[in-house]
Amino acid sequence: MKKILFVTSEVYPLIKTGGLADVCSSLPKALTELGQDLRVILPKYPSLKTVGDVHFLCSLRIDNHLINIFETTIPDSSVIAWLVDCPDLFNTEGNPYLDAQGLPWANNAERFALFCRVAVEVAMDKVNRNWKPDIVHCNDWQSGLVPALLSLEKNRPKTVFTIHNMAYQGLFPVQSVYSLNLPGQLWNPNGLEFHGMLSFIKGGIAYSDRITTVSPTYALEIQTPAYGYGLEGLLAHRSDYLVGIINGIDTNEWNPDLDPHISQHYNVHSLHEKQHNKAELQRRVNLPVNNNVPLFGLISRLVEQKGIDMVIECLPDMVDLPMQLVLLGNGDKIFEQRLQNLARLYPDKIAINIVYDESLAHLIEAGADVFLMPSRFEPCGLNQMYSQRYGTIPIVRKTGGLADTVVDTLPESLANHSATGIIFKEAHAGALLEAIKRAMLLYSNHTTWQQMQINAMHRDFSWRSSAEQYLALYDSI
Ligand code: ADP
């Protein structure tokens with residue numbers, strides 16, 4: 001049994017802005033189920049949604065900040081979560097990283113540097129809990145300074161740093177190094193410096209004992225200029241210590257046979273029941289109730305990464321086809337507006353929901369026939385796995401975790417019952433439209449389509465095997 005301190009800025013359902021929160025909830029649960037002694041540590045934002053007992057654990061002082069640590073559990077689990085409460089810095093409601101205008105909070109460097117320093121104090125048991133981890137597992141830039149700071153400690157725990165998305169690096173002006181009181185030894189071109197800026201993510205990449213990312217394909221991609229954002233050289237240099245482990249999904253949360261958010265439960269033996277969810281979804285989003293046209297779903301942050309611009313470009317052609325689209329997402333204002341304009345032009349074809357809505361997300365997975373995920377890059381991606389579990393055929397671009405989790409429908413993969421989706425290569429609207437047309441053609445053949453659905457629903461995306469790979473990695477250090 002290992003003692004693991006799991007450091008993250010998001011844990012579902014306490015706080016979530018994206019897939020990071022899902023992973024940082026499911027992986028700790030899976031590791032705990034495998035018998036590990038684990039604590040998750042995260043900031044206590046005002047918008048944190050705790051349920052049940054939250055009690056004071058200890059306090060500490062760093063610079064002139066008084067910090068309290070509270071203990072609770074991740075809801076519906078026995079996983080202990082330690083909440084770092086520093087009201088001086090974490091006093092803003094809403095999104096953990098961005099203000100209401102969508103701009104990063106001005107003191108993000110200070111906020112997450114302090115969080116990292118607290119995590120280091122806990123990792124070295126300087127808070128006297130009589131609990132010192134063997135492994136400190138950090139996630140994304142918000143925790144990137146932890147491996148760097150720990151590298152200076154004697155008798156330190158081993159460190160693992162997981163990259164969930166290279167696009168977010170935590171880059172700050174050089175002045176931060178001084179105002180954050182970071183040790184001078186870390187400030188050099190092999191350390192935290194990145195072209196004259198302070199890079200949090202580089203702390204994780206340069207100093208941790210092992211680096212992981214969330215799919216084998218993405219592990220290769222980030223060693224190339226197109227995906228590495230200037231860190232491809234360092235990643236290639238550390239490639240012996242870099243491994244891709246595909247995320248699992250929470251198979252209780254995402255189970256069409258038990259899902260409380262959908263109108264009719266179904267499984268691989270009762271696939272015909274899925275159409276009731278389609279009708280319910282069409283009613284809910286004010287599209288004509290019609291079982292004969294394929295209903296496309298899309299759930300995503302509306303940002304360029306997700307290929308939303310390609311979808312917008314395709315929409316005028318898509319509406320000429322017998323199909324419907326329901327989209328759920330929010331993000332860049334320009335995408336939100338363009339999508340809403342198109343929905344006003346084609347109210348019988350396109351339904352746009354600019355909100356964050358977990359419950360509608362479940363109904364879309366259950367009710368849609370096809371799921372669109374044309375990402376420019378996708379470290380792992382979750383919705384393509386949820387879709388397969390719900391018998392909703394994903395259309396994905398061949399990148400990152402999408403390439404690793406979806407099997408393209410070709411004569412061979414249909415023959416050996418492995419086809420689960422539709423894959424296209426080039427990141428442009430024409431290629432996406434071709435894939436959409438392929439999906440329409442396949443959909444028109446009921447037997448083929450049903451076989452693809454069955455193949456998809458049989459896939460095992462549970463966390464167990466991924467958690468076992470992480471355990472093997474911990475053991476290998
Ligand atoms: P990323 O982490 O890059 O946003 P992922 O596919 O890994 O992408 O995870 C996204 C998660 O956030 C999924 O669980 C998805 O269902 C959810 N999600 C994104 N936007 C919304 C929304 N508007 N409403 C509900 N869930 C959403």
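The points go from the basis of the model to the whole chain and then to a single residue.

1. The model is predicted, with local features requiring pLDDT of at least 70 and side-chain atom pairs counting only at pLDDT 80 or more, while totals for chains, interfaces and linings use all residues. Residues are numbered from 1 along each chain as its sequence is written, and side-chain values use heavy atoms, with hydrogens and water left out.

2. The chain has 18 helices and 18 strands, taken as DSSP runs (H or I, at least four residues, for helices; E, at least two, for strands) numbered from the N terminus. Its radius of gyration, 23 Å, is close to the 23 Å that the globule rule gives for 477 residues, so the chain is as compact as a globular protein of that length; the radius is taken over C-alpha atoms, and the rule is 2.2 Å times the number of residues to the power 0.38.

3. Of the 477 residues, 58% are buried, meaning under 20% relative accessible area with a 1.4 Å probe and protein chains only. Among contacts with a separation of 6 or more, 70% are accounted for by residues 24 or more positions apart, where contact means heavy atoms within 4.5 Å.

4. Asn165 sits in the loop between strand S7 (158-163) and strand S8 (171-172), and counts as buried at 7% relative accessibility. A polar atom of the Asn165 side chain lies 2.9 Å from the backbone nitrogen of Ala167. Leaving aside neighbours within four places in sequence, the contacts of Asn165 include Asp140, Tyr218, Arg301 and Phe377.

Methods
Buried means under 20% relative accessible area, exposed over 50%, partly exposed in between (1.4 Å probe, protein chains only). A polar contact is a pair of N or O atoms within 3.5 Å; within protein, one must be able to donate a hydrogen and the other to accept it, and residues adjacent in sequence count only if both atoms are side-chain atoms.
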